[in-house]
Amino acid sequence: MSSRTPLIAGNWKMYKTVAEAEAFIQALLPRVSTADGTDVAICPPYLGLQAMVDSTRGSRVQVYAQNMHNAAEGAFTGEVSAPMLVELGVHGVILGHSERREYFGESDRALQLKVPAALEAGLLPVLCVGETEEERERGDTERKLRHQVQEDLARVDTERLGDVVIAYEPIWAIGTGRVATPEQAQEAIAFVRALVGDRSREQSERTRVLYGGSVKPDNAAELLALPDVDGALVGGASLDPESFAAIVAAAG
């Protein structure tokens, strides 16, 4: 049995006003109050971060941001920094989500700077990696994962690799309703862990690797039972407190 604590994180993307977030969290908290042995996080848009930090204080639910800049401050209009997030009481941050990469030009070079910046500030980085449908059909899944994991973690000190959470998200399964088969998910996530192990076997055993890609209450238990899967980065199903709580329960 792994000693790694499962993590279930809900990525809200660009959904929920502050009022909607408040209604959600009041419905969620009693549903996950007994989820011992599982880390639970919500990732609201920037404008909801402070309200959610305030509303989850004293509970088992942590609050993560969806992105950040690598610099502590500077002339970067529209960006926020790790120290700003820490000041709010935010615990972690998603980095390199496929939507950031595809729509906003997030590069592996930028992530080389962002991941260690998050660690240095005391945030838990959740690094997203994954292949497109075309890359999987070409047989390039491992090549893509190798490139992303090696490049994006290149500037992380070896002894801190286990402090980075990696979320494997097959891009072809995000928001499509399609889900990687248990065999596909286990194979890819074991490969991601092996890539960390190329630098440090000890750190690879500490590294939590999540599955993300149309995770729902009806498929969560099967995916979360896989030997190398340490939790889930949940998209659409995290917008409903009942379905998100059911996924948290499946991790237990």
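The lining of the largest pocket is made up, by class, of six nonpolar, five polar and four charged residues; here Ala, Val, Leu, Ile, Met, Phe, Trp, Tyr, Cys and Pro count as nonpolar, Asp, Glu, Lys and Arg as charged, and the others, Gly among them, as polar. The model is a predicted one, in which local features need pLDDT of at least 70 and side-chain atom pairs count only at pLDDT 80 or more, while totals for chains, interfaces and linings use all residues. Residues are numbered from 1 along each chain as its sequence is written, and side-chain values use heavy atoms, with hydrogens and water left out.

The space in this largest pocket comes to about 430 Å³. Fifteen residues line the pocket, and those closest to its centre are Lys-13, Met-14, Gln-66, Arg-100 and Phe-104. A pocket is an open set of points on a 1 Å grid over the protein atoms alone where a 1.4 Å probe fits, with protein on both sides within 12 Å along at least five of seven lines, and lining residues have an atom within 4 Å of a point; points are joined across faces, edges and corners, and the volume is the space filled by probe spheres set on them. Helix α4, residues 98-104, gives the most to this lining, with four residues; helices (H or I, at least four residues) and strands (E, at least two) are DSSP runs numbered from the N terminus.

Lys-13, one of the residues closest to the pocket centre, sits in the loop between β1 (7-11) and α1. Lys-13 counts as buried because its relative accessibility is 18%, where buried means under 20% relative accessible area, exposed over 50% and partly exposed in between, with a 1.4 Å probe and protein chains only. Although Lys-13 is not a glycine, its phi is positive, about 55 degrees. Most residues other than glycine have a negative phi. Ser-214 is another residue other than glycine with a positive phi, near 60 degrees; Ser-214 belongs to the loop between β7 (209-211) and α10 (217-224) and is buried, with a relative accessible area of 12%.

When neighbours within four places in sequence are left aside, Leu-153 is in contact with Val-115, Leu-127, Leu-161, Val-164, Ile-166, Val-196 and Arg-199, contact meaning heavy atoms within 4.5 Å.

Helix α2 (residues 49-56) is largely enclosed by the rest of the structure, because six of its eight residues are buried. The buried residues of α2 are Leu-49, Ala-51, Met-52, Val-53, Ser-55 and Thr-56, and what covers them includes α1 (18-32), β2 (39-43), β3 (61-65) and α3 (82-88). After α2 comes Gly-58, which has a positive phi near 85 degrees. In the loop between α1 and β2 we find Thr-38, which is buried at 2% relative accessibility; not counting residues up to four places away in sequence, Thr-38 touches Thr-5, Pro-6, Ile-8, Arg-60, Val-248, Ala-251 and Gly-252.

Helix α5 (residues 108-121) holds Asp-108, a buried residue with a relative accessible area of 16%. The side chains of Asp-108 and His-147 are joined by a polar contact of 3.1 Å, that is, a pair of N or O atoms within 3.5 Å, of which, within protein, one must be able to donate a hydrogen and the other to accept it, residues adjacent in sequence counting only if both atoms are side-chain atoms. Beyond four places in sequence, Asp-108 touches Arg-101, His-147, Gln-148, Glu-151 and Asp-152. Helix α5 also contains Leu-113, which is partly exposed at 34% relative accessibility. With neighbours within four places in sequence left aside, Leu-113 is in contact with Asn-70 and Arg-155, and its C-alpha atom is 8.5 Å from that of Ala-71, a residue 42 residues apart from Leu-113 in sequence. In the loop between α5 and β5 (124-129) lies Gly-122, which counts as exposed at 58% relative accessibility.
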